[in-house]
Protein chains: 2
Amino acid sequence: MTGKQCSSSSIRYLNQSEAVALDQDLFNEYKFSVDQLMELAGLSVAMAVAKVYPPSLYKSSLIVCGPGNNGGDGLVAARHMKLFGYKVAVHYPKRTPRPLYENLLHQCKNFGVDIVEQLPHPKDLINDYNILVDALFGFSFKPPVRDELKPALDALLDSGLPVCSVDIPSGWDVENGPNTDRALKPALLISLSAPKLCAKPEFLGDAKHYLGGRFLPLGIITKYKLNLPPYLEQEQVVQLSC
Amino acid sequence: MTGKQCSSSSIRYLNQSEAVALDQDLFNEYKFSVDQLMELAGLSVAMAVAKVYPPSLYKSSLIVCGPGNNGGDGLVAARHMKLFGYKVAVHYPKRTPRPLYENLLHQCKNFGVDIVEQLPHPKDLINDYNILVDALFGFSFKPPVRDELKPALDALLDSGLPVCSVDIPSGWDVENGPNTDRALKPALLISLSAPKLCAKPEFLGDAKHYLGGRFLPLGIITKYKLNLPPYLEQEQVVQLSC
């Protein structure tokens, strides 16, 4: 079973404030902990990456993690990718001093994930890695990019390696997509829980698009008038476009 | 991919104190939260149940949850089983007044899981359900069964329905297996993280046996000299016996 489904015509895409509100509903109304949903989200990211770029062919991965929840999803994905057989490195330049994030990083280290403090020149990444995972900015992103995170974004922009973006291609406008001359071109986007406006086909071009984060109750699906494709059997991801 | 693998000859089975110590290592040394591991464990339980008893054929399920972590795994499994397409009911006679458990129950209710306060006579369960999930007692269990939980155990013993046990068939000795005349005969056992001694083939007979809880780092596998079968690709469960 591949969870493959190649239609995205009837999907409803969330704007930024809907994405924020849906997230808050999960925590406030459904009383999920961040730990729970981040674990499921990160697992689904790792699964989508492994379906498109299997570790047998793309052995060495670098996960670029930002300071927020998107970066946390990346830290979880890194640990599961390690369990799936990848060689995994994490670059996490701006760390959030909260126990959950510190523990997720601790887990990565203790699972044998390399922590890369200083990135090489973007053009040299291809010597060490086969794929990049972009967990830098999520649906709360508002420009401009802070100076201290520019080298991380440059790595994603200029390496020439396939980039797998978590929920939002970093640097993109959450609603209007790649609206700068120097915008990221992800090879794979994994939307979490529901796609945001920037995940529309006209923005993604020929990037592959998966949906993960299989944890939405019917109440949320109804409230936000989501029209999500069905997940197959026990799959935690479903492909939205080919 | 089924994750099928029909050999368990070289598996090492944990005794009770090793199971407790391994669990403590995950929390203390690897700094996992209960939320994280319970989410992954419960998800893998739901996946194994759905592989053996697919919701298309076994639509209606009852999850019997005990007061400890085994019951928490059951509450998580109930939510994922609902997402997989089952009609799901939970019986949770002795509730733990801790936020995590209260929130897991809240999530079940808000995902459309029925909470059954009073069980019918065990022989009548077959009128309402197709399968039972036994999340009553886990690897910390020491006899005797408390009076207030006996009706829940009787339901598992006497319904005539297939019983899927989470980690330990309830009422069994964690090391010596079914050592009473009136012992549960599960149809499926899902061992979590690593099988305990009671999961040896001589105790399980013709029950199907899966391993779930794919979250052990190499350090734990080495420390406890585990010889776990490989999980296939991104599978979260692996079959140990057919």
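A:Lys225 sits in the loop between helix H7 (218-223) and strand E8 (237-241) of chain A. This is a predicted model. Phi of A:Lys225 is positive, about 50°, although the residue is not a glycine. Most residues other than glycine have a negative phi. Is A:Lys225 buried or exposed? A:Lys225 is exposed, and its relative accessible area is 62%.

A:Lys31 also has a positive phi, near 60°, and is a residue other than glycine. The loop that holds A:Lys31 runs between helix H1 (16-28) and H2 of chain A. A:Lys31 is partly exposed, at a relative accessible area of 35%.

## Cis peptide bonds

Most peptide bonds are trans. The bond joining A:Pro143 and A:Pro144 is cis, with omega about 5°. A:Pro144 belongs to the loop between E4 and H5 of chain A.

Chain B has a cis peptide bond between B:Pro143 and B:Pro144, where omega is about 5°. B:Pro144 lies in the loop between strand E4 (131-135) and helix H5 (150-158) of chain B.

## Helix H5 of chain A

Which residues of helix H5 (residues 150-158) of chain A are buried? They are A:Ala152, A:Leu153, A:Ala155 and A:Leu156. Viewed down the axis of H5(A), the buried residues fall within an arc of 150°, so they line one face of the helix.

After H5(A) comes A:Gly160, with a positive phi near 80°.

## Packing of H2 and H4 in chain A

Helix H2 (residues 34-52) of chain A packs with helix H4 (residues 99-110) of chain A. The angle is about 40°, and the axes are 11 Å apart. Angles under 35 degrees would count as roughly parallel, and roughly perpendicular begins at 65. H2(A) and H4(A) are therefore oblique to each other. The crossing of H2(A) and H4(A) is right-handed.

Which residues meet at this contact? From H2(A) come A:Val34, A:Asp35 and A:Met38. They meet A:Leu100, A:Tyr101 and A:Leu104 of H4(A). The residues of the contact of H2(A) with H4(A) divide into 5 nonpolar, no polar and 1 charged.

Definitions and conventions: Residues numbered from 1 in each chain as written. Chains lettered and ligands numbered in written order. Predicted model: local features only at pLDDT ≥ 70, side-chain atom pairs only at ≥ 80, totals over all residues. Heavy atoms only, no water. Axes fitted to C-alpha atoms, helices over the stretch in contact; angles between N-to-C directions. Helix = DSSP H or I, 4+ residues; strand = E, 2+ residues; numbered from the N terminus. Parallel < 35°, antiparallel > 145°, perpendicular 65-115°, else oblique. Left-handed = near helix turned anticlockwise from the far one by under 90°. Contact = heavy atoms within 4.5 Å. Nonpolar A, V, L, I, M, F, W, Y, C, P; charged D, E, K, R; others polar. Buried < 20%, exposed > 50% of the residue type's maximum accessible area, 1.4 Å probe, protein only. Arc of directions from axis to C-beta.
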